[in-house]
Amino acid sequence: MGRRYDPDRRQRIIDAAITVVGERGIAGLSHRSVAAAADVPLGSTTYHFSTLDELLVAALRQVNGEWLADFTRWADGIDPAVPLTDEVARLVEETLSGDRSRMVLEYELYLAALRHEAVRPIAAECLDEMVRLLGQRIGDVRTARAVVAFTDGLTLQHLLTGQPFDPTSVRAGLAGVLG
């Protein structure tokens, strides 16, 4: 019997890897778990991604693409007449009021870069692109880098603690960081 033509198989494997990480975390990611979730033979996952790091890179690229699309929409919507602290509070509030499981997945893949060297450049590219996008919009790359770091840390802390979002604290904190 010949091979079945399946042009979407690679994408289904990436989608399945994202699903597996979302459900079980990085520790639950294996070629076998992804093959089962994608409903493909185990050999298909190793054919397309010979290592789990290759699969993690593909998954993080896809998730980062979705995040950067959202971030771009936010950056494009920044009103120059509104203080940056208010706009950042809006970003954090919108992010935290969204799908929590998506945020956990994004951070899980992002933080995988701490232990998976192959993933680090992908995580760094995303941060650099956020800085570039925001820097273009506000005209100051150094401030943009500080804002990205602030929002990243703040979002992670909220995900970890489950504390309610307080826009006044975000504004005051960012104002303190920016001087």
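Contact here means that heavy atoms lie within 4.5 Å, and in that sense Thr143 touches Leu84, Ile138 and Leu178, leaving aside residues up to four places away in sequence. The model is a predicted one, and its secondary structure comes to nine helices and zero strands.

**Overall build**
- Read from the N terminus on, the elements of the protein run α-α-α-α-α-α-α-α-α, in keeping with a count of nine helices and zero strands.
- Along its principal axes, the C-alpha trace of the protein spans about 65 × 30 × 25 Å.

**Interface between domain 1 and domain 2**
- The size of an interface is often given as the accessible area lost when the parts come together.
- Between domain 1 and domain 2 the buried area is about 1100 Å², and carbon and sulfur atoms give 75% of that area.
- On the side of domain 1, the residues that lose the most area to domain 2 are Ile18, Ile26 and Phe49, which together make up 46% of what that side buries.
- Across this interface the rule finds zero salt bridges, whereas four residue pairs are found in polar contact, with both residues of each pair at pLDDT 80 or more.

**Annotated spans**
- An unreviewed UniProt entry places the feature "domain: HTH tetR-type" at residues 7-67; in the model this span is 77% helix and 0% strand, and its end C-alpha atoms lie 25 Å apart.
- The feature "DNA-binding region" is placed by UniProt, again in an unreviewed entry, at residues 30-49; the end C-alpha atoms of residues 30-49 lie 11 Å apart, and the span is 75% helix and 0% strand.

**Setting of Thr143**
- Thr143 has its place in helix 8, which covers residues 141-161.
- The side chain of Thr143 makes a polar contact, at 2.4 Å, with the side chain of Asp140.
- Apart from residues up to four places away in sequence, the residues that Thr143 touches are Leu84, Ile138 and Leu178.

Notes:
Residues are numbered from 1 along each chain as its sequence is written. This is a predicted model: local features need pLDDT of at least 70, side-chain atom pairs count only at pLDDT 80 or more; totals for chains, interfaces and linings use all residues. Side-chain values use heavy atoms; hydrogens and water are left out. Buried area is the accessible area (1.4 Å probe) that two parts lose on being put together, summed over both. A salt bridge is a side-chain nitrogen of Lys or Arg within 4 Å of a carboxyl oxygen of Asp or Glu. A polar contact is a pair of N or O atoms within 3.5 Å; within protein, one must be able to donate a hydrogen and the other to accept it, and residues adjacent in sequence count only if both atoms are side-chain atoms. UniProt positions are given in the numbering used here, feature names are shortened, and annotations may be inferred rather than shown by experiment. Helices (H or I, at least four residues) and strands (E, at least two) are DSSP runs, numbered from the N terminus.
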